[in-house]
Amino acid sequence: DIKSAKITDIINKYCKINYNESNGLFSIDYNKVAIEDDTRKFGYFSLLSNIKIDSEEVLTKYRNKDVIEKSFDNLKNRLNLRRTGIHSFQNLEGQVFIQYIGLCFILYVHKHMKEHGLYNNYSIETLFDELDVISRFDYVNGSYHYNEITKKQLELYKYMDVEPIIK
């Protein structure tokens, strides 16, 4: 059968299925080189429009749309604006203002990631995940310290034009 032969070829390209006769179990070993080689080819897509613009501008507009969608996701998840839990309009205004400042920060990071080619190695989420682990510890006597900041984190701060506070 032609269809099953193609499926077998695909399976053999990406993995090796092993059968253990002593216990009757199967195991799968993945061909990481073949998988990584083919995943580099991901990302092709087409966009249709009734507006005459060049492909670079279309891609920029599409990516900006993606930034807006991710910004709303950041509002809901990273900045915790799922439910406001506010009992007065004044408090709601304050919370929305703080969320707006947070979104401005996210767009600032996006701009610097684009300028410095950081999207080659990070998504905005993975960059934030890398920096999220930095913590400040405050003591009763008023002193404080930060956990260790790695060289990679310091480099990311440099790309963002941010001077980290290290004490």
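# Salt bridges and a nonpolar patch

Visitor: Is Asp 38 buried or exposed, and what is its relative accessible area?
Guide: Asp 38 counts as buried. Buried means under 20% relative accessible area, exposed over 50%, and partly exposed in between (1.4 Å probe, protein chains only). The value for Asp 38 is 12%.

Visitor: What kind of model is this, and from which number are residues counted?
Guide: The model is predicted: local features need pLDDT of at least 70, side-chain atom pairs count only at pLDDT 80 or more, and totals for chains, interfaces and linings use all residues. Side-chain values use heavy atoms, without hydrogens or water, and residues in each chain are numbered from 1.

Visitor: Which residue forms a salt bridge with Asp 38?
Guide: A salt bridge puts a side-chain nitrogen of Lys or Arg within 4 Å of a carboxyl oxygen of Asp or Glu. Here the closest N and O atoms are 3.0 Å apart. The pair links distant parts of the chain, from helix α2 (residues 32-39) to helix α1, 25 residues apart. The partner is partly exposed, at 41% relative accessibility, and its name is Lys 13.

Visitor: How many salt bridges does the whole structure hold?
Guide: The Lys 13 and Asp 38 pair is a salt bridge. Lys 111 and Glu 115 also meet in one. A search of the whole structure finds four.

Visitor: How many residues apart in sequence are the parts tied together by Lys 152 and Glu 130?
Guide: These side chains form a salt bridge of 4.0 Å, N to O. Both ends are partly exposed, Lys 152 at 44% and Glu 130 at 22%. Lys 152 lies in helix α6 (residues 151-159) and Glu 130 in helix α5 (residues 124-132), so the parts tied together are apart in sequence by 22 residues.

Visitor: Which element gives the most to the nonpolar patch?
Guide: The patch covers about 760 Å² and includes Ile 7, Tyr 19 and Ile 28. Patch residues have over 30% relative accessible area and no salt bridge, with nonpolar side chains joined within 5 Å. α1 (2-14), β1 (15-20) and β2 (25-30) each supply at least two residues. With three residues, the top giver is β2.

Visitor: What is the relative accessible area of Ile 28?
Guide: Ile 28 sits in strand β2. Strands are DSSP runs of E, at least two residues, and helices are runs of H or I, at least four. Ile 28 is partly exposed, at 43%.

Key
Patch = residues over 30% accessible without salt bridge, like charges linked within 9 Å, V, L, I, M, F, W, Y side chains within 5 Å. Areas by Shrake-Rupley, 256 points an atom, 1.4 Å probe, with all protein chains shown as cover.
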